[in-house]
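Here is a short briefing on one structure. Look it over first, then read the points by topic.

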Amino acid sequence: MVALVRQSVFSRLAGYEDTNDADRLSVDPTMRFVVGGRACEHQAASTSQMSRFETEVLTQIENLIALKKMPGMWNERLHQSTPMKELVLDMDSSVSHGNYSELF
């Protein structure tokens, strides 16, 4: 599950909008390293694996709620291990598509 989340997140961060490129990314050395585990020796998830994961697992309400909480949890862990010296707010005009606000 962790590997699939990593592949999903990092493929979006790399600019891929959906899972259509997962087959190509599954053999990319950088993606395999980021995903970790068995992907380092073999390959990351295929397009069909990523599509099933994103449509069947990530869309469940309890998983959407957990994903929403994840950045805050990461920040808390970081602040517990490293005291904050400054805070930089980087605001831009990015547009977020989709409306999940009614779920939370």
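E41 counts as exposed, because its relative accessibility is 64%; exposed means over 50% relative accessible area, buried under 20%, and partly exposed in between, with a 1.4 Å probe and protein chains only. The model is predicted: local features need pLDDT of at least 70, side-chain atom pairs count only at pLDDT 80 or more, and totals for chains, interfaces and linings use all residues. Residues are numbered from 1 along each chain as its sequence is written, and side-chain values use heavy atoms, with hydrogens and water left out.

**Two residues in place**

- E41 sits in the loop between α3 (29-35) and α4.
- Twelve residues separate E41 from P29 along the chain, and their C-alpha atoms are 9.8 Å apart.
- S51 belongs to helix α4.
- S51 counts as partly exposed, because its relative accessibility is 25%.
- The C-alpha atoms of S51 and A22 are 8.9 Å apart, while 29 residues separate the two along the chain.

**The chain as a whole**

- The protein chain has five helices and zero strands; helices (H or I, at least four residues) and strands (E, at least two) are DSSP runs, numbered from the N terminus.
- Read from the N terminus, the order of elements is α-α-α-α-α.
- Of the 104 residues in the protein chain, 20% are buried.
- Among contacts in the protein chain with a separation of 6 or more, 58% join residues 24 or more positions apart; a contact means heavy atoms within 4.5 Å.

**Where α1 meets α4**

- The axes of helix α1 (residues 2-13) and helix α4 (residues 47-57) come within 10 Å and cross at roughly 95°.
- Axes are lines fitted to C-alpha atoms, for helices over the stretch in contact, and angles run from 0 to 180 degrees between N-to-C directions.
- α1 and α4 are therefore roughly perpendicular to each other; that label covers 65 to 115 degrees, with under 35 roughly parallel, over 145 roughly antiparallel and the rest oblique.
- On the α1 side, the contact uses L4, V5, Q7, S8 and R12; on the α4 side, M50, F53 and E54.
- By class, this contact of α1 with α4 has four nonpolar, two polar and two charged residues.
- Ala, Val, Leu, Ile, Met, Phe, Trp, Tyr, Cys and Pro count as nonpolar, Asp, Glu, Lys and Arg as charged, and the others, Gly among them, as polar.

**The cavity**

- A search of the whole structure finds one cavity of 30 Å³ or more.
- On a 1 Å grid over the protein atoms alone, a cavity is a set of points where a 1.4 Å probe fits but cannot get out; a pocket is an open set with protein on both sides within 12 Å along at least five of seven lines; lining residues have an atom within 4 Å of a point.
- The largest cavity has a volume of about 50 Å³.
- Its lining is made of Q7, S11, R12, D18, T19, D21, A22, L25, M50 and E54.
- α1, α2 (22-25) and α4 each supply at least two residues of this lining, and α1 gives the most, with three.
- The lining of the largest cavity divides into three nonpolar, three polar and four charged residues.

**The second largest pocket**

- The second largest pocket holds about 310 Å³ of space.
- It is lined by 16 residues, of which A3, R38, Q43, A44 and A45 lie nearest its centre.
- The elements giving two or more residues to this lining are α1 and α4.

Definitions and conventions: Points joined across faces, edges and corners; volume = space filled by probe spheres on them.
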